Amino acid sequence: MATPTIIEIPHNLGRDEARRRMAAGIGKLASHIPGGAATVTHSWPSQDQLSLTVTTMGVEVPCTVDAQDTRLRVTLQLPAMLSLMSGPIKAIVQKQGERLLLDKKPDQTA
């Protein structure tokens, strides 16, 4: 099995708010994946861990997102055919994760 790709996304939200934003953003995830035909299945194995499988173009990418007090830790299990693209994939995940964490709380106004 290939070495997992790990992405650390720092935040200052605290674990509970980071977890809330993760849960709120799951429905938008497929639209951020290049190719336009992605499906995302998810579960919560524990209160602080989101388990995802992203499927696009016949390729499945299992991943986990661990909510921590000051960061999200994303672990991707890239199949061999995608391992050559780990740099760009990591950059996309980092950018979208930061965007997710920057979204305003529901009670904030612009």
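Modeller: The largest pocket is lined by 34 residues, and those nearest its centre are Leu29, Ile33, Val54, Ile92 and Val93. A pocket here is an open set of points on a 1 Å grid over the protein atoms alone, with protein on both sides within 12 Å along at least five of seven lines, and lining residues have an atom within 4 Å of a point. The model is a predicted one, in which local features need pLDDT of at least 70 and side-chain atom pairs count only at pLDDT 80 or more, while totals for chains, interfaces and linings use all residues. Residues are numbered from 1 along each chain as its sequence is written, and side-chain values use heavy atoms, with hydrogens and water left out.

Two or more residues of the lining come from each of α1 (15-25), β3 (49-56), β4 (59-67), β5 (71-76), α2 (80-83) and α3 (86-102). Helices (H or I, at least four residues) and strands (E, at least two) are DSSP runs, numbered from the N terminus. The largest share, 8 residues, is contributed by α3. By residue class, the lining holds 26 nonpolar, 5 polar and 3 charged residues. In this division Ala, Val, Leu, Ile, Met, Phe, Trp, Tyr, Cys and Pro are nonpolar, Asp, Glu, Lys and Arg are charged, and the others, Gly among them, are polar.

Buried means under 20% relative accessible area, exposed over 50%, and partly exposed in between (1.4 Å probe, protein chains only). In soluble globular proteins, nonpolar side chains tend to be buried together.

Leaving out residues up to four places away in sequence, Val74 touches Thr5, Ile6, Ile7, Ile9, Thr64, Val65 and Val93 (contact means heavy atoms within 4.5 Å). Val74 and Ile7 are 67 residues apart in sequence, yet their C-alpha atoms are 5.0 Å apart in space. Thr75, also found in β5, is buried with a relative accessible area of 15%. Beyond its neighbours within four places, Thr75 is in contact with Pro4, Thr5, Ile6, Pro62, Cys63 and Thr64.

Helix α1 has the buried residues Glu17, Ala18, Arg19, Arg21, Met22 and Gly25. Their cover includes β2 (39-46), β3, β4, β5 and α3. One of the residues touching Val65 is Met22.

The loop between β3 and β4 contains Met57. This residue is exposed, with a relative accessible area of 69%, and has a positive phi of about 50° although it is not a glycine. Most residues other than glycine have a negative phi.

Terms used. On a 1 Å grid over the protein atoms alone, a cavity is a set of points where a 1.4 Å probe fits but cannot get out, and a pocket is an open set with protein on both sides within 12 Å along at least five of seven lines; lining residues have an atom within 4 Å of a point.
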